[in-house]
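Thanks for coming. I will walk through one structure this morning, starting with its aromatic residues. Please look at the model first.

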Amino acid sequence: MMYRIMVKSSKLILDELGLSPKGAIHKLLDEEVERRCRVYVPRKDGFLEASGTPSLPEIGFVTWDRPYAKYQYYGLLMVGKKNKILTNKPLKSHGGGLRGAKWFERMKIDCIQEILNTLKKAIGRKAK
């Protein structure tokens, strides 16, 4: 007696679970990171906070698309009118609370477990 066992390829399984590089779970991860970072992003006029975008198809990136985002992220003051000059002076963040420099790192420390739980639930729904 001979038995043949058919097993799906790992790529097919990952695709079905939404875990492939452009799959639903990766998209959800990017969206969760951007959403949870909002309360950490410095806010004076709201433009920087609103510019956060999960970068599809480049899965795994969230960008804040403002010319001053890098300096806000590292918390460094820029001076000058037209051609701004970077200083080593720390910025004072607007908006209070959790807002300030290195918002992704701080959000990750605070929210990693909730993000993982969200992803686990989403994978569990797809696996059924």
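I will cover confidence, then the aromatic pairs, then the core, and finally a hairpin.

This is a predicted model, in which local features need pLDDT of at least 70 and side-chain atom pairs count only at pLDDT 80 or more, while totals for chains, interfaces and linings use all residues. Residues are numbered from 1 along each chain as its sequence is written, and side-chain values use heavy atoms, with hydrogens and water left out.

Confidence first. pLDDT is the predictor's confidence in each residue, from 0 to 100. The protein chain averages 85, and 94% of the residues score at least 70. By element, the lowest mean pLDDT, 80, belongs to helix α1 (residues 10–17), and the highest, 91, to helix α3 (residues 47–50). Helices here are DSSP runs of H or I with at least four residues, strands are runs of E with at least two, and both are numbered from the N terminus.

Now the rings. How many aromatic pairs does a search of the whole structure find? It finds three. Rings of Phe, Tyr and Trp (its six-membered ring) pair if their centres lie within 6.5 Å; planes under 30 degrees apart count as stacked, over 60 as edge-to-face and the rest as tilted.

W64 and W103 form an edge-to-face pair, 5.4 Å centre to centre with 75° between the planes. W64 sits in strand β2 (residues 62–64) and W103 in helix α5 (residues 103–127), so this pair links distant parts of the chain, 39 residues apart. The rings of Y73 and W103 have centres 4.8 Å apart and planes at 85°, so they too are edge-to-face. Y73 lies in helix α4 (residues 69–74) and W103 in helix α5, so the pair ties together parts 30 residues apart in sequence.

Are these residues buried or exposed? Y73 and W103 are both buried, and W64 is buried as well; buried means under 20% relative accessible area, exposed over 50%, and partly exposed in between, with a 1.4 Å probe and protein chains only. W64, Y73, Y74 and W103 form one aromatic cluster.

On to the core. A nonpolar core is a set of buried Ala, Val, Leu, Ile, Met, Phe, Trp, Tyr and Cys residues joined through side-chain atoms within 4.5 Å. The largest one has 16 residues, and those touching the most other members are V33, C37, L48, W64, W103, M107 and I115. Its largest share, six residues, comes from α5.

Last, the hairpin. Strands β3 (residues 76–79) and β4 (residues 85–90) run antiparallel and are joined by three bridges; two strands pair if DSSP finds at least two bridges between them. M78 stands opposite L86 in β4. Five residues lie between the strands, and G80 in the turn has a positive phi of about 110°.
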